[in-house]
Amino acid sequence: MSKLPAPTIHQPRGPLPVLLSVPHSGRDYPDWLIDMAHGGRAALVSLEDPLVDRLVWRAIQRGVGAVIARTPRAAIDCNRAEDELDPSVIDGASRGRVTARARGGLGIVPARTQQHGFLWRRAISHQQLQERIEQAHRPYHEAVAEQLAAVRRQFGCALLLDCHSMPPPPNGVPPIVFGDCRGRSAASWISAEAMATARRHGLAARLNDPFAGGHVIERHSAPADGVHALQVEIDRRRYLDAKLQEPGADFDGVAAFIDALVVDLGEALLGRQYATAAE
């Protein structure tokens with residue numbers, strides 16, 4: 001079988017201590033993965049955060065670094081820990097501790113979606129799982145760790161902005177949801193500044209409800225050492241067309257919002273860093 005692709009890496013080259021992560025927009029589907037799916041490619045595409053990798057273009061053009069998955073989430077989910085296994089899709093997996101996300105069908109190898117039900121014709125072996133982890137999951141996290149370390153060496157601090165999109169949420173959920181693992185992955189002032197940036201762009205936002213953040217920000221944040229991490233979820237109706245497939249009328253407006261987040265949070269973080277160093 002053909003190997004899964006490693007992530008795309010944009011080296012940081014600008015004046016801001018920010019790194020972007022886009023783990024769910026990969027769409028390089030190998031034929032063998034499509035053949036394994038009951039519903040073919042259409043069922044697997046439903047797991048994507050569509051075109052979020054393109055939404056970050058303004059920030060990357062500014063010189064902000066980025067790690068962007070090319071491997072589809074359907075093959076391996078880079079926003080899950082290596083032990084977040086759903087026993088229904090991994091042959092011989094333990095039925096002991098199963099996380100809530102894996103139990104809901106969205107473990108490191110997704111099992112099912114609401115729209116398409118169970119995804120796969122057969123379970124995969126532990127060896128196949130390890131191959132997927134070694135080809136795509138570990139390279140993703142190694143790249144994030146390396147780029148974050150480079151940013152921190154240069155600036156003395158770093159912010160990881162993990163970018164996602166959400167299906168149209170229930171009434172009452174705003175179009176922007178930030179997550180900081182309920183205060184564990186970022187200083188509270190960073191989350192407050194992100195909320196203020198959203199408001200300045202006319203976007204209602206909420207913190208940690210219903211998405212508090214996943215494995216990417218849990219794994220790579222270390223606020224006590226100056227490395228903060230924040231997840232952002234964007235309602236797909238804000239940047240896609242009516243079918244939620246192609247760029248919509250405000251696609252570039254949302255790209256500008258992400259760019260503003262990078263600038264506002266990066267400059268605020270640098271300001272705090274310099275103020276602390278001057279004391």
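In this predicted model, Leu 51 is found in the loop that runs between helix H2 and helix H3, the latter covering residues 52-55. The backbone of Leu 51 has a positive phi of about 65°, although the residue is not a glycine. Because its relative accessibility is 10%, Leu 51 counts as buried. Most residues other than glycine have a negative phi, and most peptide bonds are trans. The peptide bond that leads from Asp 209 to Pro 210, by contrast, is cis, with omega near 10°. Pro 210 lies in the loop between strand E8 (205-207) and helix H8 (215-220).

Helix H7, which spans residues 188-200, has 13 residues, and the distance from its first C-alpha to its last is 19 Å, close to the 18 Å expected at 1.5 Å a residue. The buried residues in H7 are Ile 190, Ser 191, Ala 194, Met 195, Ala 196, Thr 197 and Ala 198. The helix is followed by Gly 202, a residue whose phi is positive and lies near 70°.

The C-alpha atom of Glu 146 is separated by 14 Å from that of Val 64, a residue 82 places away along the chain. Thr 113, in turn, is found in strand E4, which consists of residues 112-113. Its relative accessible area is 16%, so Thr 113 is buried, the limit for this class being under 20%. When its neighbours within four places in sequence are left aside, Thr 113 is in contact with Ser 46, Leu 47 and Leu 119. The C-alpha atoms of Thr 113 and Leu 44 are separated by 9.1 Å, whereas along the chain these two residues are 69 residues apart.

Gln 231 is located in strand E9, which comprises residues 227-235. Because its relative accessibility is 3%, this residue counts as buried. The side chain of Gln 231 is joined to that of Glu 233 by a polar contact of 3.5 Å. Apart from its neighbours within four places in sequence, Gln 231 is in contact with a set of residues that includes Asn 79, Asp 162, His 164, Val 177 and Phe 178. Further along the chain, the contacts of Gln 231 include Phe 211, Gly 213, Gly 214 and Ile 217.

The spaces within and around the protein were examined next. Rolling a probe the size of a water molecule over the atoms shows where empty space is left. The largest pocket contains about 1100 Å³ of space and is lined by 36 residues, of which Ser 46, Glu 48, Arg 73, Pro 167 and Arg 236 lie nearest its centre. At least two residues of this lining are supplied by each of helix H2 (40-45), E4, strand E6 (158-166) and E9, and E6 gives the most, with 3 residues. In terms of residue type, the lining of the largest pocket divides into 11 nonpolar, 13 polar and 12 charged residues.

The structure also holds 2 cavities of 30 Å³ or more. In the largest cavity there is about 40 Å³ of space, and its lining is made up of Pro 5, Ala 6, Pro 7, Ala 69, Arg 70, Thr 71, Cys 78, Ala 136 and Tyr 140. Of these lining residues, 7 are nonpolar, 1 is polar and 1 is charged. The second largest cavity has a volume of about 30 Å³ and is lined by Met 36, Val 89, Val 109, Trp 120, Arg 122, Ala 123, Ile 124 and Arg 132. The lining of the second largest cavity divides into 6 nonpolar and 2 charged residues, with no polar residue.

Note on methods. Residues numbered from 1 in each chain as written. Predicted model: local features only at pLDDT ≥ 70, side-chain atom pairs only at ≥ 80, totals over all residues. Heavy atoms only, no water. Helix = DSSP H or I, 4+ residues; strand = E, 2+ residues; numbered from the N terminus. Buried < 20%, exposed > 50% of the residue type's maximum accessible area, 1.4 Å probe, protein only. Polar contact = N/O pair within 3.5 Å; in protein donor to acceptor, adjacent residues only side chain to side chain. Contact = heavy atoms within 4.5 Å. 1 Å grid on protein atoms, 1.4 Å probe; cavity = no way out; pocket = protein on both sides within 12 Å on 5 of 7 lines; lining within 4 Å. Points joined across faces, edges and corners; volume = space filled by probe spheres on them. Nonpolar A, V, L, I, M, F, W, Y, C, P; charged D, E, K, R; others polar. Expected span 1.5 Å × (residues − 1).
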